[in-house]
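Subject: Structure handover

Hello,

Here is the structure I said I would pass on. My notes on what turned up in it follow below.

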Amino acid sequence: MSTDLEHALRQAFQDAAETVVPRPEPMRRLLRRRRRRWAGLGAFFAAVAVAAGAALVPALQAGPAQRADNGDGYPITSAWTRTLLDSPARGSLAGTPLLAEVERGIGDRAGGSGLDRLKVLFLGEVAGRRFVAYARFNDTRAALYYNDTAAGDSVAWLVRGGYGNLPLTPLVRITGSTTPALVGLVPADCRIATSTAGTVSGNGVVARDWTDSPQGSWVARDSSQPAERWRVTCGATVRFEGPAAPVDEVAPGTDLVAAGGLAHGAVVQRWSGPIDGRTWTLTTTLLSGGGIAAVLSSGAGKATVATAFPPPVAGGATANRDEWGLISTAISADPDVVAVRVPERTGAYTYYSDRVLVVTTVPGAWSVLAPASPGAVGIPLDNGVGVIHVNGGVITIRNAADTDIGGTYVTDPRDMPDYLGEKLVSDW
Amino acid sequence: MAAGEFQDFVEVRYGDLLRTAYLLTGSQHAAEDLVQSSLLRVMRHWGRVDEPLAYVRRVMVNQRTSLWRRLRNAEVLTDDPPDRPGPDPTDRILQRQSLLEALDRIPVRMRAVLVLRYWEDLSETDTAELLGISVGSVKSQASRGLARLRGVLGVDELTRRAS
């Protein structure tokens, strides 16, 4: 009788608690309450609270979705998404009886409107936490849900919280909620390889050694932004290649070169100055495999990172990023010649412009010459610094006698998008 | 833990904490108040918190079982509307109301034991540690709490829900 009673009480609690659905933006409401509380303590504390709240609001606008299994998902736009849904569950716990328990636990929850099928994609322990990722779907739409709990927490807790109703893509990447961790998985027929270092050649190509994931179609890391580049191959076709974690909006202090999967040495500031009313800083670092990486940034706070060349159509990205900094990246085989595109922004979309900042420490550098159609164009350098319009190709540093004394490769816009000189592939 | 992780924690866990608080308090207003006040307290010590979820649970339960707090917050006033209710078929409204009224009639610490054991699925040992009482006390309070609910709702009613 006691067991029946316990089970019945659990169900009664479930019935009662599931009527409570939090409104969006709990952090914003929490800060508002804090401000109200502090207001009673005096104007000084109130002013501090307002400032703290204001600083966090932009981040909240991009906050995670609220967890509830009541979304109606997103259209399935790739056959690879269906292949992912047909794949077996992956993860260190996927082959254990816990999988069936988790499936039952999720199945007991109310599903999204019209998403009548369920698939556990991942179940495993990473960085001491237990992770689950699953999809609710039908013939045309799907939604991703995921969560993590302490390893010892119950299944009921695991399937109850977390993120939900997110777009389901063939490459699923989930992160830990309280502990740094990243899990990536792809359709079972595909393979993930990882790389942590590369060598830059004179024509701007980064050569890498790739290591196949021991698990084949999934990887797990104890960092939310591991210093890796990932490549996903399905059959003989590379379907994805890029940083392990997306590098598009970054916090101050983020190691952007490591995030691009390039091991490197100390970071050195090479130049700082104004371009078009913004103050920019150029830093460089020697890559462990040879060559140099450069990061051009404005501002000291959060920043958006350029990866593509032309601006998208208006309205594609509407979030307010006016106060954010801008970042662009480049690589060079010659440590004495750095050429990085100046980024621009339209709305929330940040992209490479056709202007390139050239900074060289080659002795006697007098001018820089860039290929043009027809011929070439050149500008004088001011203490080794200049901004020149370049479509793509090799730019040449010349001395006062018009002798070539150095150069580097600038990626052609037609090869964009790229990050740190490496192409970003997403071909699903 | 980094300060930025606090925001992530709030965004991800708020709903779960709110549901637990709802079972502890029986009111969505009071639940919101309990969660927010607990999170604000945790926020100040975030850098020293190793297991944030367990820590917030502890703070919530301690605040709920604090006599002073219960007297002070006999009625919660807020300019925030309550979190919106989810789907709630008519035949479940009375069931939920019966449960909450039954929970209101039992001692607050006994209610906390029931919520931690049968909603949070904490073990007897973890429940005892969180509440700062012995495992034996957890067992006895859980047993008596179940009996009290059975007396109010009836075994048949609970059994029917379980089926």
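A:Arg208, A:Arg229, A:Glu241 and A:Glu422 are joined in a network of salt bridges. This is a predicted model, and the values here are computed from it. Buried means under 20% relative accessible area, so A:Arg229 at 1% and A:Glu241 at 16% both count as buried.

Strands β13 and β14 also belong to an open sheet of five strands in chain A, with the order β11-β8-β13-β14-β30 and antiparallel pairing. A:Arg191 has A:Thr233 in β13(A) as its bridge partner.

Across the whole structure and over all chains, the search finds 18 salt bridges. Two others may be of use to you.

One is between A:Arg29 and B:Glu32, with the closest N and O atoms 2.7 Å apart. This pair crosses between chains, from helix α2 (residues 26-39) of chain A to helix α2 (residues 28-44) of chain B. A:Arg29 is buried at 3% relative accessible area, and B:Glu32 is buried at 8%.

The other is between A:Asp139 and A:Arg117, with the closest N and O atoms 2.4 Å apart. A:Asp139 sits in the loop between β3 (129-137) and β4 (141-150) of chain A and A:Arg117 in strand β2 (residues 117-126), so the pair ties together parts that are 22 residues apart in sequence. A:Asp139 is exposed, at 53% relative accessible area, while A:Arg117 is partly exposed, at 34%.

Elsewhere in chain A, nine bridges join the antiparallel strands β16 (residues 264-275) and β17 (residues 278-287). A:Gln269 is opposite A:Thr283 in β17(A). The hairpin of β16(A) and β17(A) has two residues between the strands, and A:Asp276 there takes a positive phi near 55 degrees.

Last, A:Gly164 is in strand β5 (residues 163-166) of chain A and is buried, with a relative accessible area of 1%. Its C-alpha atom is separated by 7.4 Å from that of A:Ala143, 21 residues apart along the chain.

Regards

Key. Residues are numbered from 1 along each chain as its sequence is written. Chains are lettered from A and ligands numbered from 1 in the order in which they are written. This is a predicted model: local features need pLDDT of at least 70, side-chain atom pairs count only at pLDDT 80 or more; totals for chains, interfaces and linings use all residues. Side-chain values use heavy atoms; hydrogens and water are left out. Two strands pair if DSSP finds at least two bridges between them. Helices (H or I, at least four residues) and strands (E, at least two) are DSSP runs, numbered from the N terminus. Buried means under 20% relative accessible area, exposed over 50%, partly exposed in between (1.4 Å probe, protein chains only). A salt bridge is a side-chain nitrogen of Lys or Arg within 4 Å of a carboxyl oxygen of Asp or Glu.
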